[in-house]
Amino acid sequence: MEKLTSGGGYGTEDPTPPIVPTRKPPRTLGGPVAAPRQPSVEALDSPTGSHVEWCKQLIAATISSQISGSVPSDSISRDYKVGRRPDLRVSKRPDIRALRDGNKLAQMEEAPRFPGESIKAIAKDVMYICPFTGAVSGTLTVTDYKLYFKSMEREPPFILDVNLGVISRLETIGVQSHGENSCGMEIVCKDMRNPRFAYKKEEQSKLEIFETLTKHAFPLSNDLPLFAFLYKEKFPVDGWKVYDPVAEYKRQGLPNESWTISKINSNYEVCDTYPALLVIPTSIMDEDLRRVVAFRAKHRIPVLSWIHPESQATIVRCSQPMVGPNDKRSKEDEKYLQTIMDANAQSHKLTIFDARQSGVAETNKAKDGGYESESFYPNAELTFLEIPNIHVMRESLRKLKEVVYPVIDEAKWLSNVDSTHWLEYIRLLLAGAVRVADKIESGKTSVVVHCSDGWDRTAQLTSLPMLMLDSYYRTIKGFQVLIEKEWVSFGHRFAARIGHGDVNHANSERSPLFVQFIDCVWQMMRQASDHSYSRLSFLTSKCVPQMTRFLFPFQFPAAFEFNELFLITILDHLYSCLFGTFLYNSEQERVHQEVQTKTVSLWSYVNSQLEEFTNPFYVNYENHVLYPVASLRHLELWVNYYVRWNPRMRPQMPVHQNLKELMAIRYELQRKVEELQREAATRSISSASDRGSSPSHSSTPLHTTV
């Protein structure tokens, strides 16, 4: 019955009903925190507050496919109660009782909704075909945000929740082995699952479900708004204020005598895919800059991303030069790069990292592209990082999906994963990022990074080295700033690469570049949690590092303030279209669509409950550089993300719950340390006062020999 998808398919979903509590009430700043509700059954892809608990259950679930039996039965209907206690009296009028029972059942089957969400279609007696636990019949509801299926046949009720933004394509399928349910549909998702449903062919309501689902899963293709513009949730923190480019550049010590913050692109006239504010060399003249703009693909000129606080070596990003088949030159571009080199007094060389494979870069000359010739840029060193293009990455992820779903071949697991080359491409990215970071840190040399257009591999190879070099970006807020700066504002084409609201699933522009970046971050976090910090000094002045030293066999606590749940949440809302953060292709498009005033930021949600995303073992290794080991021997497939829907691949230990408990221990220990410090200070003052009032008193020191 089940089939492997050949393109765009993301596997099957969790066969067990997920245990997800309702959304936390937003916390009021400066006031008491509202107590969260107890868990209840909700969605696989439930967003906002409930999304945290959903992710916790994914991480905490046991490997047994019988985990669903652990759900307390009293939690099932808690969030579907009306505003009064259920009538438990035995009625003498059976027709009234039946009516009440029917109303209660209807209330329990009703899909929970978020502010601004509305129901578009409901179909009963639909069969969900689960490849793990078999078919189950229930009610299917489609809203303008999600597909919600609920079956009361099991105890606890079975629930499947798929937000529409994650749907890549819909297909009608024939179902012959489920009695009267002779028609069906397969929902191919971007997040590694393929839910399937069967229904009676002649029932019009089921056909309406399919049509409604198609309409709202791809709103832009049907002249409808993305749900982010309808979502009305209120949070106590405004996530749109997280990134202020002037403040971020000021943190880096900019502007200075060599670099200036320019408003030349304030109307996006110089480059429509760059942000309004750019950091460029101070000495560059406007006329020269215009010629550089004309010489770079998509007008994406070299601009500063990051500057080393001591050596002043810089990470500069741009697109390929428009050299063409005749090896054209631009003296202004050559002078511009020389100026970048001169801004760093520590080195008389400039390293250009071209992310592409050298053969591809050579081929691009025929399309008027190309690369910098060392003959024309005499003080520049050109290095190709040999990273394949977006089409190779898309195909690699497609192969990975086939390996992990719907069936995992245990005997060939390692070889099958290896055949996808996914981890090899992660290795190439990490290796390239390490080379960039090391050239800055050890070589004290400025670098220029580009691929073809400067918005895909370039973003990967600027943001990863910045994460290695700058401990600020390893904090929760700093990582948000890093994403907003290097990915969002500098024009990574999220709409094209993800396909938000677009029915054209076969678009060759789609590619998992941002997913790869987050995977690389996870690889760094995992190594940081093992033993890759031998270069750092262990801090013994605090009780928390001592606690982690006691709890774990590795020497150093993690250098990242955020946890795995934080990364998974980011990737889930990359697709969800619940928030405006990842919508559209450029800053100019987001300004035109008024995203910041008409949608909610993902960081509003995250920063309203930071305790859920905080690593309890975080220690700020300020000014320390992290060099991950870019070797296949040290890389692992991120099972908790790519294979999370398969109950047989889940971790046995409730990781997230343990971390929350340890966070509580950390806060308690910190509180006790502060109390002891205050008590010691008070005793010291009191002792000094006593000695001052009794000058004749002398104390003899005790000497103890052990």
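Visitor: Which residues in H5 meet which residues in H6?

Guide: In this predicted model, Asp288, Leu289, Arg291, Val292 and Phe295 are the residues of H5 that meet H6, where their partners are Glu332, Asp333, Lys335 and Tyr336.

Visitor: Why are H5 and H6 called roughly perpendicular to each other?

Guide: The axes of the two helices, H5 and H6, come within 8 Å and cross at roughly 105 degrees. Angles of 65 to 115 degrees count as roughly perpendicular, and H5 and H6 are therefore given that description.

Visitor: How do you know what span is expected of H6?

Guide: Helix H6 covers residues 331–342 and has 12 residues; the expected span is 1.5 Å times one less than the number of residues. That gives the expected 16 Å, and the helix reaches 16 Å from its first C-alpha to its last, close to the expectation.

Visitor: Which residues of H6 are buried, and what do they pack against?

Guide: The buried residues of H6 are Asp333, Glu334, Tyr336, Leu337, Thr339, Ile340 and Met341. They pack against strands E8, E9, E11, E12 and E14, and also against helix H5.

Visitor: What makes E10 and E13 the edge strands?

Guide: The open sheet has 5 strands in the order E10-E11-E14-E12-E13, with mixed pairing. Strand E10 (303–307) and strand E13 (380–384) each pair on one side only, and they are the edge strands. On average, neighbouring strands of this sheet are turned by 25 degrees against each other, direction ignored.

Visitor: How do you know that E12 and E14 are paired?

Guide: A pair requires at least two bridges between the strands, and 5 bridges join E12 (residues 350–354) to E14 (residues 446–450), so the two strands count as paired, and they run parallel. Within these strands, Phe353 stands opposite Val449 in E14.

Visitor: Why does Ala459 count as buried?

Guide: Buried means under 20% relative accessible area, and Ala459, with 0% relative accessibility, therefore counts as buried. Ala459 is found in helix H11, which lies across E10, E11 and E14. Leaving aside neighbours within four places in sequence, Ala459 is in contact with Arg317, Glu486 and Trp487. The C-alpha atoms of Ala459 and Glu486 are separated by 5.9 Å, although these residues are 27 residues apart along the chain.

Visitor: Are Tyr268 and His421 buried or partly exposed?

Guide: Tyr268, in the loop between E8 and E9, has 12% relative accessibility, which is under the 20% cut-off, so it counts as buried. His421, in the loop between helix H9 and helix H10, has a relative accessible area of 37%, which lies between 20% and 50%, so it counts as partly exposed. Phi is near 60 degrees for Tyr268, a positive value in a residue other than glycine, and near 65 degrees for His421, again a positive value in a residue other than glycine.

Visitor: Where does the pLDDT call for caution?

Guide: The protein averages a pLDDT of 81, and 75% of the residues score at least 70. Over residues 530–556, however, the pLDDT is below 50, and this stretch has 46 contacts in the model beyond near neighbours in sequence. Residues 695–706 also stay under 50, with 0 contacts beyond four places in sequence. Where pLDDT is low, the predicted coordinates should not be read in detail.

Definitions and conventions
Residues numbered from 1 in each chain as written. Predicted model: local features only at pLDDT ≥ 70, side-chain atom pairs only at ≥ 80, totals over all residues. Heavy atoms only, no water. pLDDT = per-residue confidence, 0-100. Contact = heavy atoms within 4.5 Å. Helix = DSSP H or I, 4+ residues; strand = E, 2+ residues; numbered from the N terminus. Axes fitted to C-alpha atoms, helices over the stretch in contact; angles between N-to-C directions. Buried < 20%, exposed > 50% of the residue type's maximum accessible area, 1.4 Å probe, protein only. Parallel < 35°, antiparallel > 145°, perpendicular 65-115°, else oblique.
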